[in-house]
Amino acid sequence: MLDRLPRGALELLLHTWWMLHAKPHSLLSWNCIGHESVPEANAAAYAQPHGWCDTSSSPSCAWCCWYRSRSPSRTCCTCNPPSSSSSSSPTPHSSSKTEEWYEGKMIEVLDTAKKWLPAEVLKVKKRKGGGHMLFVSYENWDSSWDEWIDTIKAKGRVRPLGITLKESEKEREIRELHEAFRKDLKERYDFEIQDIKGDGNCQFRCFAHQIYGDDEKHLTVRKMCCNHIGEHKEEFENFICVDFEEYLKKKRTPCEWGDDITLTVLLDIFDKNVEIYHQGRFEEKEEDNSKEKRKYYKPGRVERRERKGKENELPIRLSFHENHYNLVIDPRVTYPLGDGKARDAKTNNGGLKEDTTQNDEAR
């Protein structure tokens, strides 16, 4: 019946079938005998040099080569489209149930040709019964290939980016230093570090968690902070080295890092104290009665900012390392510390007491 249809109608029929059935499986690569798998994005370039035949006897062949070259008359000699059962099976690399997902995160996705491709998470939705739905965009692929992935039903298709790469010496040092930082806070103060997403919103997420009990309210906190800066331009413009309006526009943008100015404003509008625990460093010293050197962790400084009249109130505690803020949690304290209400206050030199900074060893 298909051979009786006009060429244009056949092409439309095949395109409709592709949109309804093939595209949701994402990034199909068709394996042809004698030829390597070709992604759709490079189809046109591959059609001519790889010597595909011109016969149109097989509708599946016609579809396959239309997929590659957008020309149903150019067909491949032997085509073996993957079956629907070729969707990926779970792999030992997957940790979908415990993995933290957020917008902007780079991951790897397994396509139906069993190839891991880099992709960016554009949207995240919580799934009934646990897990998440991820809307991903493939690196260097057209947006028409963007798709939703169920982290439970397709748990073997997603994994953290670069999970199979061997850890470099520098990465090992960074990891060991951060582990020592966590261990030191736990042993000295019984404090625990609670990880905050490293998506550029970490400073605002920390305050959203401590004030509202929900770090997903970071956009609300960012908006309040930037509105306050904009309403008190005369107090801040002398501390900003770039054009004030450009600075404010940039800080209103989600995923833009906070800085010392935004930190000061957040403390002022929520009327809170803060303690910032800076990550220390490894040093070496000689053992007693021995020339051998031992590496040990030297704690970093603790930066304290207290508001006048609030010296005895519990502070918001943050950790800072590698240009990233995390929360420092005291298990004996009930959170959040705030009531979600911002005070209508002006930020000025009298708004905060003079900052005090000391080495963690002195505390």
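**Close-up views of a predicted model**

With a relative accessibility of 29%, F282 counts as partly exposed (buried is under 20% relative accessible area, exposed over 50%, partly exposed in between; 1.4 Å probe, protein chains only). This is a predicted model, in which local features need pLDDT of at least 70 and side-chain atom pairs count only at pLDDT 80 or more, while totals for chains, interfaces and linings use all residues. Residues are numbered from 1 along each chain as its sequence is written, and side-chain values use heavy atoms, with hydrogens and water left out.

**View 1. The chain as a whole.** The chain has nine helices and 15 strands (DSSP runs numbered from the N terminus: helices are H or I of at least four residues, strands are E of at least two). Of its 363 residues, 43% are buried. Contacts are heavy atoms within 4.5 Å. Among the contacts with a separation of 6 or more, 62% join residues 24 or more positions apart.

**View 2. Aromatic pairs.** Rings of Phe, Tyr and Trp (its six-membered ring) pair if their centres lie within 6.5 Å; planes under 30 degrees apart count as stacked, over 60 as edge-to-face and the rest as tilted. By this rule there are seven aromatic pairs. One of them joins W141 and W145 edge-to-face, with 6.0 Å from centre to centre and 85° between the planes. W145 is buried, at 3% relative accessibility. F282 and Y297 also form an edge-to-face pair, with 6.3 Å between centres and 80° between planes. This pair links distant parts of the chain, since F282 lies in strand β10 (residues 281-286) and Y297 in strand β11 (residues 293-298), 15 residues apart. Y297 is buried, with a relative accessible area of 15%, whereas F282 is partly exposed. Y189, F191 and Y277 form one aromatic cluster.

**View 3. Helix α5 and its surroundings.** Ten of the eleven residues of α5 are buried. Among them are C202, Q203, F204 and R205. The buried residues of α5 pack against β8 (192-194), α6, α9, β13 and β14. G213 follows α5 and has a positive phi, near 80°.

**View 4. Helix α5 against helix α6.** Two packed helices are described by the angle between their axes and the distance between the axes. The axes of α5 (residues 202-212) and α6 (residues 218-231) come within 8 Å and cross at roughly 105°; axes are lines fitted to C-alpha atoms, for helices over the stretch in contact, with angles from 0 to 180 degrees between N-to-C directions. The two helices are therefore roughly perpendicular (under 35 degrees is roughly parallel, over 145 roughly antiparallel, 65 to 115 roughly perpendicular and the rest oblique). On the α5 side, F204, R205, F207, A208 and Y212 take part; they meet H218, T220, V221, R222, M224 and C225 of α6. This contact has seven nonpolar, two polar and two charged residues (nonpolar: Ala, Val, Leu, Ile, Met, Phe, Trp, Tyr, Cys and Pro; charged: Asp, Glu, Lys and Arg; polar: the others, Gly among them). T220 lies in α6 and is partly exposed, with a relative accessible area of 39%. From C-alpha to C-alpha, T220 and R205 are 9.8 Å apart in space, and they are 15 residues apart in sequence.

View 5. The contact of α6 with α9 has nine nonpolar, two polar and one charged residues.

**View 6. The nonpolar cores.** A nonpolar core is a set of buried Ala, Val, Leu, Ile, Met, Phe, Trp, Tyr and Cys residues joined through side-chain atoms within 4.5 Å. The largest has 32 residues, of which F207, I229, L266 and L318 touch the most other members. At least two residues each come from α5, α6, α8, α9 (260-270), β9 (274-278), β13 (316-321) and β14 (324-329). α9 gives the largest share, seven residues. Leaving aside residues up to four places away in sequence, I229 touches F236, F244, L248, I261, T262 and V265. A second, separate core of 14 residues includes W101, I107, V109 and Y138.
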